[in-house]
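Dear colleague,

Please find below the structure that I am handing over to you. My notes on what was found in it follow directly after.

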Amino acid sequence: MAPKQVTSSLMQDEHEHEQQQANSNVNLTEPLIINTNTSPNGITETEAPQPGYNDEIADMTYSRRIARSLSWFNWYHPRKYKEKARVSLDDGWAYFEHITLARHFIPPEDRTDGALDRAEPGEWQIPTKLYSVWSTPHHQLGDFGIGIGIYFDTTWWLAFITFFAGCISTYNCYYYYHGDYTTYTIQSESESTSSGQEDLEWFLKGSAVCTDQIWVPCIDCTKSQWDDDGAPDRYAEAEAVSSNQTLVFALHNDCSAAEVANGTINLSTIAFLAISLLFMSRHQRKTEVNFDEDEQTAQDYSIMVDGCPPDALDPDEWKDFFTEVSESKVTMVTIAVDNAPLLKALVAHRKLRRKLQQPEYLKKLRVNLGWKKRLDNDADVREMLDRTEPLMGLDKFFARIGLGDDIRSLYVELIRLNDLIRDLADQDYDATDVFVTFETEAGQRRALQEMSVGQCEIFWNRSTIPRYCKFRGTTVLEVIEPTEPSTIRWFDLSVSNWDRIKGLIISTILSLVTIAGSVAFLMWRVNSGDSFIALYIAAMNVVVPAICKYIVKFEAHPDQGDRSMSLYFKITIFRWINTAVIIFLATPFTHTLSSEKEDLIPHIYTIFLAELISAPLIATIDISGFFKKHVLAPRQSNQDDCNACFRGAPWELAERYTTVTKLLFLCFFYAVLFPLGYFVCSAALFLTYYVDKFCLMRVWEPAAHIGTKVAEMNRALFFPLCILALFIVNSYHYARFPYDNLCATNQTAGLEYAGSYTIYTEGNVNDEYYAEYVTIYANDTAYKYCDQDILSALKFPATSKTQSDDATWMTDDQETLVDIFGWSGFGGVLAILTLKYGVMTWSYLCSCFRGTYEPSGKDMKINFSSLDGISAYVPQIRYYAKENFPLIATNYEDIDLKFMDWEDPDGGYEKWDLRHEIPEDLMKRLKKKRRKYLSIVKHYPLMPSIQRILDREMVRLLEERSDIVSRSGASKSDSSTIKTPKSARSRAYDSP
């Protein structure tokens, strides 16, 4: 088949627009200005405003206002830092409010739709304002990234779902509280009785705590049986009245077993949860599309070639190839190369150079050398090394343990890095991945559709696609839609699959060891009877995820989304085990329905309470951030280090998702025993929503615009498992009632047991603290030991058949419920394995042999070049190097700087250019050789006349959309909302 003819309307009409320019009603040679009136900040379009933030006090955060007041005191901001180093603490706070925290453009007064447009970090030319914690609408959270918006949407939905599930389960709370379930009887010389759970602590009322516990004769019980279960307090002995025979007693939970009505309510609750989660999943898929259409990003216009030919380093070649494939204009091409060792060396050199330029090091340098030398000159650095005396004695010891500085060793390291950079930069690097950005969404979609092939076709380089869709006419490419530019991990793009697998194996082993260690510690504390178990669990839920974040560094991921998925699995497994499973396994089986603080149900409540209070409190206070802003920042010796104290608290979207799933799993796991957990879980989710919203807008560092990978995993894996767990765990809870390991026999106690006894538990004879008063009648039922813990026996599914013929403890209603829940859980396992995951497996197999691309959402008909404030795929180091701004790892002079998603009003972009770490003489030599040692970015801008026409069209669309929304009262969540460019928006705001 012959190659397609390029028919892009923009490319065809460029010459026609130039010819019509003279006859046009509007002079296209003039810059487009809608109104020359001054904007709200007093600056006209033709003025050149000076960089800086003119913040009004009313627009500042309360912390900044307090810091400004305290800065007059020497104890808060010492003069030696304020005067000699000339560090402006207020500039640090301005960095926090304008770079770290998210801001939006101030809308015009005549805008009635309430929509907010997010400003890029560092925006200073157009007035902006911090997002309001309380008045920012729920649907506006998609401005922070689709993944973040879906996270808040999930939390909001689950809070309401669990609340209504709790309302449905109210009958079960009444059932447990009412006297039909339990009658509390105090056995003593003068017997007294009170009905139900009236004497329990308020938080245990409505739970499955059994207050009606009585001592019964057990004809075959032995002390070892109860000792093995960890419940020696439920076994006692006494001497017979008529003989010297030893009588054996055991504590029996004389509460009613589950009734059919009780189980029907649980089935209704599960049905409601399943339907609600299904509707929530569908709603979120639509919300994802709406968020995607509402926020025009580079992802909507771009494709990624994963694993391109190593020698394909010419951007023009890629531009011509995809122009032909897509029949659309290519605007930008980025070619990533496998230069990770060089980038790491440049980053390390920058850190060390900046460290040696600190005033304290320069002071030591002057003491040692007597004059100032240049750190970017090899000869000077070597002279510094020769003239610096080595440390001796205690100074050397303290330097090695980190309590001192060995400047000589720093010079040695700097020389090593210089030599390493010279060697690495003077090498040829292969291309690894290519990012191509089209002028229109239609071009991107056409390219993805034309080049959608199966994985096997890519592996064998055989496909039936046309020749013009094969690179250089022979190579079948893997073309996919990339993630957002801010999520790309440029260091890890070139890592081989084998290295990725090794990293995953190492991190998985370390994670399992960490989880096993924490589990062993908590089991030890539970078995020791420690009363602070809930606090230990809450603390572990904070400490271990931090360890997991460090462990994930061993892995190599091409983007933050993949890294979040890995982190999500590790933290989720730990938190589910740590929060719900450990306490379940560690608590003695027969202590499940007891009310003492070391028993299961009181533990469940304290865990809920700890999660309800501790986690939100720790996040809100932000102790580390408070210390950095108010203690370290005023004492920094330069402005960059001062600003570094205001980067915000680090956080992970994956970790926040696990906080939500942890609460949900805890609630579902114990729903039968603690139905009030639905309400507590709902309250915790509401609190999590608002606390996280506050932290997002006032505490946390900027997050990458992570996509929906974690949300999709929640829908595909977590939610089905939650419903399945409800069936399975409920069946085991119902099957193990009454949790006392006692079965009634056909025998009576007889005259042998008849009488009143003072018995002592745990072998503490004659100790009144352990004394119990028991009265047995001859016709009382005798009991025998039977193992009701069918879960420990690994019997699945839990049904009435798990009872042995000679040991039955279930009532008729109980057997009915156990069979319903047990077989439903078993059927659910088969259904999920065969249907849901079977379909997923089939889809994966199909993707091996054919393309599966399908466009998401509708084409918004907006040109990429018309969008201001949109980022492009410019290689930047964000995650490996913790800097105030990303480090630029490419030649960026030939691209439009509006495609950078940040702006430093003080130092510009040059200050963050990694090429400054390359020696000057080497840089000149590399230019002569045209050595491609950094990733390549090339911009293919539209002709000026075409750009001006597009700007005019965008302003017209803005005005039309504003009029339509004003008349209809639609909100920004409407999928037809147009994200307008910053330049057009600012001009529209100035219009009367």
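Helix α18 passes helix α20 in a right-handed crossing, a term used when the near helix is turned clockwise from the far one by less than a right angle (left-handed if anticlockwise). Please note that this is a predicted model, in which local features need pLDDT of at least 70 and side-chain atom pairs count only at pLDDT 80 or more, while totals for chains, interfaces and linings use all residues. Residues are numbered from 1 along each chain as its sequence is written, and side-chain values use heavy atoms, with hydrogens and water left out.

The axes of α18 (residues 533-551) and α20 (residues 600-621) come within 9 Å and cross at roughly 40 degrees. Axes here are lines fitted to C-alpha atoms, for helices over the stretch in contact, and angles run from 0 to 180 degrees between N-to-C directions. The two helices are therefore oblique to each other; angles under 35 degrees count as roughly parallel, over 145 as roughly antiparallel, 65 to 115 as roughly perpendicular, and the rest as oblique. On the α18 side, the contact (heavy atoms within 4.5 Å) is made by I533, A534, I537, A538, N541 and V542. On the α20 side, H603, T606, I607, A610, E611, S614 and I618 take part. These residues divide into 8 nonpolar, 4 polar and 1 charged. Ala, Val, Leu, Ile, Met, Phe, Trp, Tyr, Cys and Pro count as nonpolar, Asp, Glu, Lys and Arg as charged, and the others, Gly among them, as polar.

A second pair is formed by α23 (residues 653-669) and α24 (residues 677-698), which pack at an angle of about 170 degrees with their axes 9 Å apart. That makes α23 roughly antiparallel to α24. Residues of α23 including L663 and F668 meet residues of α24 including Y678 and L685.

S169 lies in the loop between α5 (146-168) and α6 (170-177). Is S169 buried or exposed? At 1% relative accessibility, S169 counts as buried (under 20% relative accessible area; exposed is over 50%, partly exposed in between; 1.4 Å probe, protein chains only).

As for the whole protein, there are 30 helices and 18 strands, these being DSSP runs (H or I, at least four residues, for helices; E, at least two, for strands) numbered from the N terminus. Buried residues make up 53% of the 992 residues.
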